[in-house]
Every structure is written in structure tokens, then in C-alpha cells.
Amino acid sequence: MIALYYHPACWTSYRLIKRVGPRKDVIMVNCSSNIGLPLSRGVLSVPLIEVDGRQVYGGPVDIETAASLIEGRMVSHPIGDLRKALTSAVADSAAASAMVFMTGEIKQLLNFPQFLSACTGIGLLNDGGKKLGEVDDMIRSDGRLYEDLEPLMIRTLVHNIVRESIYVSYALNGVNDFVWWLTAKASVGRVGAPFDNAVSGKARALYTYYIDNRAEMEAKIGKEINIIRNDREFLDIIGTYS
């Protein structure tokens with residue numbers, strides 16, 4: 001059984017669903033309205049494809065590779081630079097980025113082996129277990145990994161707060177909005193909620209990036225959301241599975 005986890009506001013999810021169309025043989029999980037299932041499965045990134053309960057491909061996906069999986073075809077997805085695959089996976093996920101950025105600790109990701117496997121492309125390899133072990137070792141021992149990831153995570157998080165603010169018609173108004181948003185994004189209820197004021201400095205880094213890149217981001221993301229909201233074919237497809 002194939003399941004596709006997606007979010008209507010995700011541009012990659014939109015492109016993938018437009019590519020494969022409505023499919024009655026695929027479980028379509030709308031992560032904007034179905035919260036419990038993705039949380040219970042440890043889904044940190046969309047779109048994500050699950051085959052027989054195993055997360056095999058997600059995050060920064062190649063649309064044709066993902067479409068082939070959904071259509072039940074075998075795929076080959078060679079990985080070149082494993083470190084680059086890992087950083088791309090984290091930087092593509094708002095959830096993973098928020099968790100790592102807030103705590104300053106990339107080892108948090110060791111608790112999510114399915115995410116690491118699927119979103120690096122390892123889940124599509126015959127020797128995936130070996131490669132996943134290499135990723136684990138990298139996370140534990142690469143002292144520069146967080147430093148190299150930090151600017152990528154900041155970009156990802158700011159793009160996400162802008163996307164969400166446009167989607168719910170909320171005008172961002174100062175650094176305090178970023179404090180509360182980051183706190184919420186990096187926690188689920190009490191789990192992950194900060195116990196000190198370190199979040200203020202983290203949020204200010206996001207706010208600075210936002211101020212420097214605001215016009216370009218809002219124009220690009222606003223255009224994407226406008227396309228999604230006005231695509232009747234797409235809305236009909238996801239309406240079937242909401």
C-alpha cells in the first residue's frame with residue numbers, strides 16, 4: 001500500500017499531485033487537516049511517500065522519481081555526496097530545521113531514522129542500511145555540520161513563516177511574531193517548549209533574514225499560493241481526499 005503525505009500549501013506537494021493526478025490506489029494524507037497520523041508516523045517533511053508502512057522517499061524530491069514510486073514503478077536514485085543529501089533533507093524540512101535550530105543540536109535527528117532514510121534518498125537504495133549508518137556517524141562526529149546547516153535552516157524557517165502568514169492572512173509585525181512562531185514550530189504541546197529565553201536570540205536571526213529578503217520572498221511565495229488557490233483541478237483532487 002502506498003501513502004502520500006502532502007500539504008496543500010507546499011509547492012512541491014502541489015507539483016507532484018498535479019503530475020500524478022487523483023489515484024484511488026494511493027492513500028492521500030492531507031497534513032493540513034489530518035494531524036494525528038503524520039505525528040504518529042514521525043513525518044517531518046512533505047511530500048513524503050510511504051510504501052507498506054515504510055517511509056521511502058520525501059523532502060527535496062525529484063518529481064519524476066516520486067511519481068514513478070506512486071505509480072508502482074521501481075526507481076533508481078543514486079546518491080552522490082551523502083553530506084549534501086543530509087543537509088538538503090534538513091534544510092527542506094521546517095520541522096527538522098526548527099528542532100535543530102532551536103536546540104542547537106543536530107543529534108536530535110538520530111531519533112528520526114525514517115526521516116533520515118527517506119529524505120536523503122537512502123530509502124531507495126539496496127544498501128540503505130549501510131548508508132544510514134554513515135549518516136548516523138556523520139551526525140555524531142562532524143563538528144562543522146550544524147555550522148554549515150545554520151544559514152540554510154534560517155532561510156527555510158523564514159520562508160515557512162512567510163508562507164504561513166500569507167496563507168492565513170496575517171501581517172508579520174516585528175521580532176515578537178518570530179519568537180512565538182519559532183517556539184510553536186519547534187514544539188508539540190509542552191514537548192520542546194523552551195524553559196529559558198534563548199529563543200529570543202534565535203528569533204532575531206530569523207527576523208534579520210526576513211527584513212533583508214522580505215520583498216523577494218513575499219512576491220515569490222505569494223505567487224505560488226495564488227496559483228494553488230486558483231487551480232480548480234488541484235483543489236478538486238485534494239478535496240476528494242481531505
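Contact here means heavy atoms within 4.5 Å, and the structure shown in these views is a predicted model.

View A. With residues up to four places away in sequence left aside, Ser97 touches Val90, Ala91, Met102, Met153, Thr156 and Leu157.

**View B. The salt bridge between Glu233 and Lys18.** A search of the whole structure finds 16 salt bridges, and in this one the side chains of Glu233 and Lys18 meet with an N to O distance of 2.5 Å. Because Glu233 lies in helix 11 (residues 232-241) and Lys18 in helix 1 (residues 11-20), the pair ties together parts that are 215 residues apart in sequence. Lys18 is partly exposed, its relative accessible area being 32%.

**View C. The salt bridge between Glu71 and Arg73.** The closest N and O atoms of Glu71 and Arg73 are 2.5 Å apart. Both partners are partly exposed, with a relative accessible area of 24% for Glu71 and of 41% for Arg73.

**View D. Asp142 and Arg83 within a network of salt bridges.** Asp142 forms a salt bridge with Arg83, and the closest N and O atoms of the two are 2.7 Å apart. Asp142 lies in the loop between helix 7 (128-141) and helix 8 (145-167), whereas Arg83 lies in helix 4 (residues 82-92), so the pair ties together parts that are 59 residues apart in sequence. Asp142 is partly exposed, with a relative accessible area of 24%, and Arg83 is likewise partly exposed, with a value of 25%. The network that links these two residues also includes Arg144, Glu147 and Asp148.

**View E. The second largest pocket and the residues that line it.** The volume of the second largest pocket is about 280 Å³. Its lining is made up of 13 residues, and those nearest the centre of the pocket are Arg54, Leu69, Met74, Val75 and Leu124. Sorted by class, the lining of this pocket holds eight nonpolar, three polar and two charged residues.

How values were computed: Residues numbered from 1 in each chain as written. Predicted model: local features only at pLDDT ≥ 70, side-chain atom pairs only at ≥ 80, totals over all residues. Heavy atoms only, no water. 1 Å grid on protein atoms, 1.4 Å probe; cavity = no way out; pocket = protein on both sides within 12 Å on 5 of 7 lines; lining within 4 Å. Points joined across faces, edges and corners; volume = space filled by probe spheres on them. Nonpolar A, V, L, I, M, F, W, Y, C, P; charged D, E, K, R; others polar. Salt bridge = Lys/Arg side-chain N within 4 Å of Asp/Glu carboxyl O. Helix = DSSP H or I, 4+ residues; strand = E, 2+ residues; numbered from the N terminus. Buried < 20%, exposed > 50% of the residue type's maximum accessible area, 1.4 Å probe, protein only.
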